[in-house]
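Thanks for coming. I will take a few minutes on one structure, so please have a look at it before I start.

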Amino acid sequence: MIQKPLTWAKPATNVTTQVSILESRNMTFADKSKAENILRRVNYYRFCLYANSLVPVKDDFTSLSFEDVAVFYNLDRELRSILTEALSWAEVSFRTVFAYTVSNDKQDPFFYLDSSNFRNSSFHAKALLECEKDFKNACITVIGQDANGKDIYEAPPAWKMVEIVSFGKISKLFCNIDKVKYLDKIGKYFGFSKTEIKSVIKSLADLRNQCAHHRKILFSNFNSTPAITQDMRALQINGNKIGCFIFCLYKMMKNDTDMQKTFFNKISELYKKCPADIKNEFGTGSFL
């Protein structure tokens, strides 16, 4: 149950007041009317999240201009757009490879229903319950009801299931798969070892959610990050920054060189436009 706070001292403010608050915190402005126009489109709370990423002390914006923050905000938005396109490619490709690799090997289009194909049966059962929500939203055929009156769905084959269920749920099924050979085969297809591919897929699913909800990418703490590979170490890529995700996406595209080249060029051009302190935040080492 959600309820109002017992006490709340902050009133709602208009953009003129918001500019005054930022100015009282020592932020400078080249044009306050333009700043107000930006704050009409970009939530003040969101804008302050970006501003605080650029200063050592929270809400002390000494030596920081509104325009500096706006530049950072736009760079982060452009980065998120590039990543969203790459993540879409990676997601569709992974869904396809996962479905066909296992169903062809097992000669079973419904392998994902069999708990013996997964390491943790209770985790598998929970994942299937989550998948049912997506089946309902996709209007999958209901063939009956169980003893509790709950709908029983006609299971779609794996290649249809992976197009219905969310990427996060697909990644959970994949990471719980029992046979190491599937991790190895799918991992090799995308350029990773059997141990690396699990963390890569899980991390990319988390990053996709962050991009989908328009969250800040640079100067962020991620829920999960990909395993540090040998080639990442050689390039001195920081495993806690967005650079490790960028490199993994690039590496996954090894079988689609046109997409790989386009992605690299877009990231490189954006990187060149960044001020030095923001470039450092990419953590891409010698890759860019």
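A strand here is a DSSP run of E with at least two residues, and strands are numbered from the N terminus. What you see is a predicted model.

I begin with the strands. E1 covers residues 142–145 and E2 covers residues 151–153, and the two pair in the antiparallel sense over three bridges. Across from glycine 144 is isoleucine 152 in E2. The hairpin of E1 and E2 has five residues between the strands, and within that hairpin glycine 149 has a positive phi near 80 degrees.

On the subject of phi, most residues other than glycine have a negative value. Asparagine 26 is not a glycine, yet its phi is positive, about 75 degrees. Asparagine 26 sits in the loop that runs between helix H1 (15–24) and helix H2 (32–41). With a relative accessible area of 40%, asparagine 26 counts as partly exposed, because that class lies between 20% and 50%.

Glutamine 107 is not a glycine either, and its phi is positive at about 55 degrees. The loop between H4 and helix H5 (121–137) holds glutamine 107. Is glutamine 107 buried or exposed? Its relative accessible area is 66%, so glutamine 107 is exposed.

Last, asparagine 104, which belongs to helix H4 (residues 66–106). Its side chain comes to 2.9 Å from the backbone oxygen of tyrosine 100. Asparagine 104 is partly exposed, at 46% relative accessible area. Leucine 204 is 100 residues away along the chain, and the C-alpha atoms of asparagine 104 and leucine 204 are 25 Å apart.

Key:
Residues numbered from 1 in each chain as written. Predicted model: local features only at pLDDT ≥ 70, side-chain atom pairs only at ≥ 80, totals over all residues. Heavy atoms only, no water. Pairing = 2+ DSSP bridges. Helix = DSSP H or I, 4+ residues; strand = E, 2+ residues; numbered from the N terminus. Buried < 20%, exposed > 50% of the residue type's maximum accessible area, 1.4 Å probe, protein only. Polar contact = N/O pair within 3.5 Å; in protein donor to acceptor, adjacent residues only side chain to side chain.
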